[in-house]
Each structure stands twice: as structure tokens, then as C-alpha cells.
Amino acid sequence: FFLDYFATGKLDPDQGAAIVGGIAAGCRDAGCALIGGETAEMPGMYSHGDYDLAGFAVGAAERGQLLPSGDIAEGDIILGLASSGVHSNGFSLVRKIVELSGLGWDAPAPFAEGKALGEALLTPTRIYVKPLLKAIRETHALKALAHITGGGFPENIPRVLPKHLAAEIDLAAVKVPPVFSWLAKVGGVEAKEMLRTFNCGIGMIVVVAPENVEAVKAALETEGEAVVTLGRMIAREEGAHGTVYKGTLAL
């Protein structure tokens, strides 16, 4: 289930309804019940039109089915699931780059025909819950999942790995959406920093044994996910980083 918290100086009913409607849509995508929350009016704390939004979810799982599993091994394959865009991280840098570009939020997006810049940058985060649950239940083959949020590959992938293994990522396999190419070019952001800040086109990674790759890919693709073979697990020396790259990111 999910609970939300919405705080503002003075409640605008239309604004509040739009926000709660968006939360409800996200909950439907995730198969999660929106069971309540809190709305707070705090005059003097927020400027006109400003608001604060937070929320949390609670789920349940059998202890023996929790991920990551304990059998991740050298040679296991890393699959990448495509993102829908910037998702929900890196917007401090996004705002700075938009400022550098000189474009207004309502200007046509240079990387998304027919959309305003603000609309394109705020493309809703892809929610992977239902496709992943289906793949888990059908194949029983998923060993680990890592959501590529703030911190990108280098901060999120190592969290699900044992200390003796690292993820070798083939950057040439990443299909970089145009929004990231635009951000890198306008902001003068190097590939290494892009990978540390944004998802760069991969919103979720899945670790599976080589013999289960096709079954897991098929289960995810049937649910509409775009899946690429992103890399593999390799041995990690003591003190070495948990993510290493080969190839070049096509920004």
C-alpha cells in the first residue's frame, strides 16, 4: 500500500486533485493500493503555488524469496530495462542546463518533437513493478534487481552485489535517449558524470544466470519492456569499485 503527504500554504483544489490523480495513476501502474495520506495547509511556510510532496510504500514478501539471492556468480548476465527519460533524479543539474540553454520551460523541446521542454523533461518515471513480478513468478530466475536512480550505475548496481563481484557494463549496448544527448551537449557534461547523475536510458537492471537470459527477456518483453544485454558479472579485487565500463556511451 501507499500513503502520501501533501503540504502547501493554501490548498488549491484543482492543483491538489491533479497531484492526487497522478499518485493514483502511479499506484495503479504498480498494483499498489492508495489507502490514505495527509494534506496540510501551512500559511507562511510556502510561497504561493509551492507545495511539498512525499510518500512511502509498504510491501510484503516471503523471506526466502527476497532479492538479491545468495547465488550471484561470476559470468552471470546483466539485463537492462529501458527508461522513459530522466525519471526522478538529477533535476538540480537539469535546471542548471536549461538555464544555460536560454530556453523557457514552454519552449519547444529540441529533443522531443511536438512537446514543450518542461513537459518532455517531466515525462513520468517508468514503473517496472508488474513486468518484474511477472518475470519473477514465471521464471524463478531473477537473482538481483537494481533501480537506476540518483547515483546512476556506479552507486546503485554495487548495492546488490557481493563484495567479490563487480558489474562489467558494455556502454555501447546502452541506447541513449535524445534527452540525455541534449543535456550532455548543452551542459558540457562528460560521459562519466552523466553516468553518475542520470540513468542515461537504463532505468532498471536485472541479474540472471546465462542459461536463463532468453526466458527472462521474453517474459519482460511480453509485458512491453525494452530489454538489452548490458553486461556481466566479473571478479572484483579487494577495494576495487563495483562497476567497471567497457566501450563508449553514445551521447
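**Glu168**

I started at Glu168 and listed what Glu168 touches: Ile78, Leu230, Gly231, Arg232, Ile234, Val244 and Lys246, leaving out residues up to four places away in sequence. Contact here means heavy atoms within 4.5 Å. Glu168 is in strand S6, residues 165-170. Strands (E, at least two residues) and helices (H or I, at least four) are DSSP runs, numbered from the N terminus. I then checked burial: Glu168 has 15% relative accessibility and so counts as buried. The cut-offs are under 20% relative accessible area for buried, over 50% for exposed and in between for partly exposed, with a 1.4 Å probe and protein chains only.

**Ground rules**

I noted that this is a predicted model, where local features need pLDDT of at least 70 and side-chain atom pairs count only at pLDDT 80 or more, while totals for chains, interfaces and linings use all residues. Residues are numbered from 1 along each chain as its sequence is written, and side-chain values use heavy atoms, with hydrogens and water left out.

**Domains**

I looked up the domain assignment next, and it gives domain 1 as 2-57 and domain 2 as 76-246. Such bounds come from an automatic or database domain assignment. The C-alpha centres of domain 1 and domain 2 are 27 Å apart.

**Tyr46**

I went to the loop between strand S2 (34-41) and strand S3 (51-57), where Tyr46 lies. Tyr46 is at 22% relative accessibility, so I put it down as partly exposed. Which residues does Tyr46 touch, not counting those up to four places away in sequence? They are Ala7, Thr8, Gly9, Tyr51 and Asp52. Thr8 and Tyr46 are 38 residues apart along the chain, and their C-alpha atoms are separated by 6.0 Å.

**Helix H6 and its neighbours**

I listed the buried residues of helix H6 (178-187) as Val179, Phe180, Trp182, Leu183 and Ala184. They pack against helix H2 (91-101), helix H3 (117-121) and helix H7 (191-197). After H6 comes Gly188, with a positive phi near 60°.

Two packed helices are described by the angle between their axes and the distance between the axes. The axes of H2 and H6 come within 9 Å and cross at roughly 65°. Axes are lines fitted to C-alpha atoms, for helices over the stretch in contact, and angles run from 0 to 180 degrees between N-to-C directions. The H2 and H6 crossing is left-handed. Left-handed means that the near helix is turned anticlockwise from the far one by less than a right angle, and right-handed that it is turned clockwise.

From H2, Val94, Ile97, Val98, Leu100 and Ser101 meet Trp182, Leu183, Val186 and Gly187 of H6. Sorted by class, the contact of H2 with H6 has seven nonpolar, two polar and no charged residues. The classes put Ala, Val, Leu, Ile, Met, Phe, Trp, Tyr, Cys and Pro as nonpolar, Asp, Glu, Lys and Arg as charged, and the others, Gly among them, as polar.

**Leu251**

I found Leu251 in the segment after strand S9 (243-246). Its relative accessible area is 38%, so Leu251 is partly exposed. Leu251 touches Val176, Phe180, Ser181, Ala184, Ala191 and Met194, again leaving out residues up to four places away in sequence. Ala184 and Leu251 are 67 residues apart in sequence but 7.2 Å apart in space, C-alpha to C-alpha.

**H4 against H8**

I checked how helix H4 (129-139) and helix H8 (213-222) pack: their angle is about 140° and their axes are 9 Å apart. H4 and H8 are therefore oblique to each other. Under 35 degrees counts as roughly parallel, over 145 as roughly antiparallel, 65 to 115 as roughly perpendicular and the rest as oblique. The crossing of H4 and H8 is right-handed. In the contact, H4 gives Pro131, Leu132, Lys134, Ala135, Glu138 and Thr139, and H8 gives Ala215, Val216, Ala219, Leu220 and Thr222. The contact of H4 with H8 divides into seven nonpolar, two polar and two charged residues.

I flagged the peptide bond from Leu67 to Pro68, which is cis with omega near 0°. Pro68 sits in the loop between S3 and strand S4 (77-82).

His87 is not a glycine, yet its phi is positive at about 60°. I placed His87 in the loop between S4 and H2. Buried or exposed, I asked of His87? His87 is at 6% relative accessibility, so it counts as buried.

His140 also has a positive phi, near 50°, in a residue other than glycine. I found His140 in the loop between H4 and strand S5 (144-147). His140 is exposed, with a relative accessible area of 68%.
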